[in-house]
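Please view the structure below before reading on.

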Amino acid sequence: MVNADQLLARRLLAALASGGVEPFFQPIVSLDDGHVLGFEVLARWHDPEQGFIGPDQFIPIADRFGLLDRLLDQLMRAAFSAAADWPHNIFLGFNVSPTQPRNPELATRIAKAAIDSSFPLSRVHIEVTENGFIDDLTQPRCTLDRLINLGCMIAMDDFGTGYSSLTWLSTLPFSKLKIDASFVMAMEDHRQSRKIVDAVVGLGHSLGLAVVAEGVETAGQADLLRGMGCKLAQGYLFGRPTPAHQVPNALRQFASARQNGGLSAPMSLEVRADRLDEDYAPGTAVALMDPAGTVVASSKAFDRTMDANGAEVAGRHIWDLIGVTPETMAQLRATDLLDEPFPAFDGSAADGSTVQVHIRPVKDESSELVGYSVEYRDISNPAGLAS
Ligand code: G
Ligand code: G
Ligand code: MN
């Protein structure tokens, strides 16, 4: 006996094999000037016989029959391929159900999909719903740390609808918090919802997170959000989820907000690394790392500060060198999304003295993040000369 759910699961499996499930893209914009920062990728399934089947119907089935990873894989590959010609500074946000990070293979699968498509992992954002996390966070935490280590950004989706939201927020390495649409949509009519949104924007910012308001449908809601200091938004006011072929057109309509500076020479991390000594004052203790935190170049003064024996620093992970935690990397991601400076923090040099660590994003001419500079400043020597 095959029941209706099993039948649907079989159809879904067939659709996944034949490309019948398609990614749609919804813009996430800056509330300051309306430019597009990235897209949320949403699964859409058109069945030749049954017509359009909504994710509310097929996601739970995919979950029950173990098809979510395959769905994610298909969506990612289709989305990366479609986005190859889009501007290189926009991110793609993928939804991951709370059961998926329990699978130790998830991070590897995501990395493989991106690498196979030459899509930078620093532009991959993973949205995890707070609804349904189970009590034991050991494996999810491990998976999310690995994803951050690979360069991805993690967002908490539908914030405010689950329970223990604050526990997840303090336990898992989020960079971004998405306020659930239900609060945003009720804001104009209900003072309570307005207060909640205001408080969540403040909470997110005080934790160093980027905050996105979901479900923004009216100009009035956008104005209220701007007044609260909310920087990022998503909703029908800015754009509905659209198929890939309509995205370039949608981007052109948004384009006036952001023009490239017209620089022609590419400024890759490698070029910057070669010019390290010219770009910084002599004796500056500075290193460049890629978005995932691997050091690609360092000045002699940096090496000296790190390790009295002058061991090779390039190729090592910044976490191992200066005790940067996954939380620091997660916060770093949030600050580049918001274009805000990352606050300096104290670290210790190999000789035991305290140094101030300044981390700055390094971007190319099209504002794509290529890495970060890590500069040590001797606190007793504010000019930044380490020797
Ligand atoms: O796009 P729409 O509002 O119809 O989506 C309904 C729900 O389905 C949302 O909660 C959304 O996060 C979820 N959803 C859409 N696409 C995916 C997907 O690819 N994977 C998972 N796990 N959920 C998805
Ligand atoms: O759970 P999640 O936040 O991933 O769900 C996102 C879903 O919300 C998308 O599937 C999209 O279709 C829907 N959505 C996005 N913007 C709006 C909006 O402005 N109004 C409404 N009603 N739904 C929206
Ligand atoms: Mn989402």
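## Ligand 1 and its surroundings

In this predicted model, a nitrogen atom of ligand 1 is found 3.1 Å from a backbone N or O atom of Ala 43. An N or O atom in the side chain of Arg 44 is 2.8 Å from an oxygen atom of ligand 1, and a polar side-chain atom of Ser 97 is 3.0 Å from a nitrogen atom of ligand 1. On its own, ligand 1 has 500 Å² of accessible area, and the protein covers 73% of this.

Ala 43, Arg 44 and Ser 97 belong to a shell that also includes Leu 42, Pro 55, Asp 56, Ile 59, Leu 75 and Asn 95. By class, this shell around ligand 1 holds 5 nonpolar, 2 polar and 2 charged residues.

## Ligand 2 and its surroundings

Ligand 2 is surrounded by 14 residues, and the closest are Glu 40, Asp 158, Glu 214, Glu 217 and Tyr 236. The shell around ligand 2 divides into 4 nonpolar, 4 polar and 6 charged residues. Strand S2 (36-47) and strand S6 (153-159) each provide at least two residues of this shell; the largest share, 3 residues, is from S2.

Several side chains make polar contacts with the ligand. A nitrogen atom of ligand 2 lies 3.0 Å from a polar side-chain atom of Gln 26, and an oxygen atom of ligand 2 lies 2.9 Å from a polar side-chain atom of Asp 158. In the side chain of Glu 217, an N or O atom is 2.5 Å from a nitrogen atom of ligand 2. Ligand 2 taken alone exposes 520 Å², of which the protein buries 73%. The space that ligand 2 takes is the largest pocket.

## The largest pocket

Two or more lining residues come from each of S2, H2, H3, strand S4 (91-96), S6 and helix H7 (181-186).

S2 supplies the largest share of this lining, 5 residues. By class, the lining of the largest pocket has 17 nonpolar, 8 polar and 8 charged residues.

## The second largest pocket

The second largest pocket contains about 490 Å³ of space. It is lined by 26 residues, of which Leu 37, Asn 89, Asp 336, Leu 337 and Lys 363 are the closest to its centre. S2 and helix H15 (326-338) are the elements that give two or more residues to this lining, and the largest share, 4 residues, comes from H15. The lining of the second largest pocket has 9 nonpolar, 7 polar and 10 charged residues.

## The enclosed cavity

The model contains 1 cavity of 30 Å³ or more. The largest cavity holds about 40 Å³ of space, and its lining is formed by Asp 69, Leu 72, Asp 73, Met 76, Leu 106, Arg 109, Ile 110 and Ala 113. Helix H3 (68-83) and helix H4 (106-116) are the elements that give two or more residues to this lining. Of the residues that line the largest cavity, 5 are nonpolar, none are polar and 3 are charged.

Notes: Residues are numbered from 1 along each chain as its sequence is written. Chains are lettered from A and ligands numbered from 1 in the order in which they are written. This is a predicted model: local features need pLDDT of at least 70, side-chain atom pairs count only at pLDDT 80 or more; totals for chains, interfaces and linings use all residues. Side-chain values use heavy atoms; hydrogens and water are left out. On a 1 Å grid over the protein atoms alone, a cavity is a set of points where a 1.4 Å probe fits but cannot get out, and a pocket is an open set with protein on both sides within 12 Å along at least five of seven lines; lining residues have an atom within 4 Å of a point. Grid points are joined across faces, edges and corners, and a volume is the space filled by probe spheres set on the points. Ala, Val, Leu, Ile, Met, Phe, Trp, Tyr, Cys and Pro count as nonpolar, Asp, Glu, Lys and Arg as charged, and the others, Gly among them, as polar. A residue is near a molecule or strand if one of its heavy atoms lies within 4 Å of it. A polar contact is a pair of N or O atoms within 3.5 Å; within protein, one must be able to donate a hydrogen and the other to accept it, and residues adjacent in sequence count only if both atoms are side-chain atoms. Accessible areas come from the Shrake-Rupley method with a 1.4 Å probe; for residues, only the protein chains shown count as cover. A molecule sits in a cavity or pocket if more than half of its atoms lie within 2 Å of its grid points.
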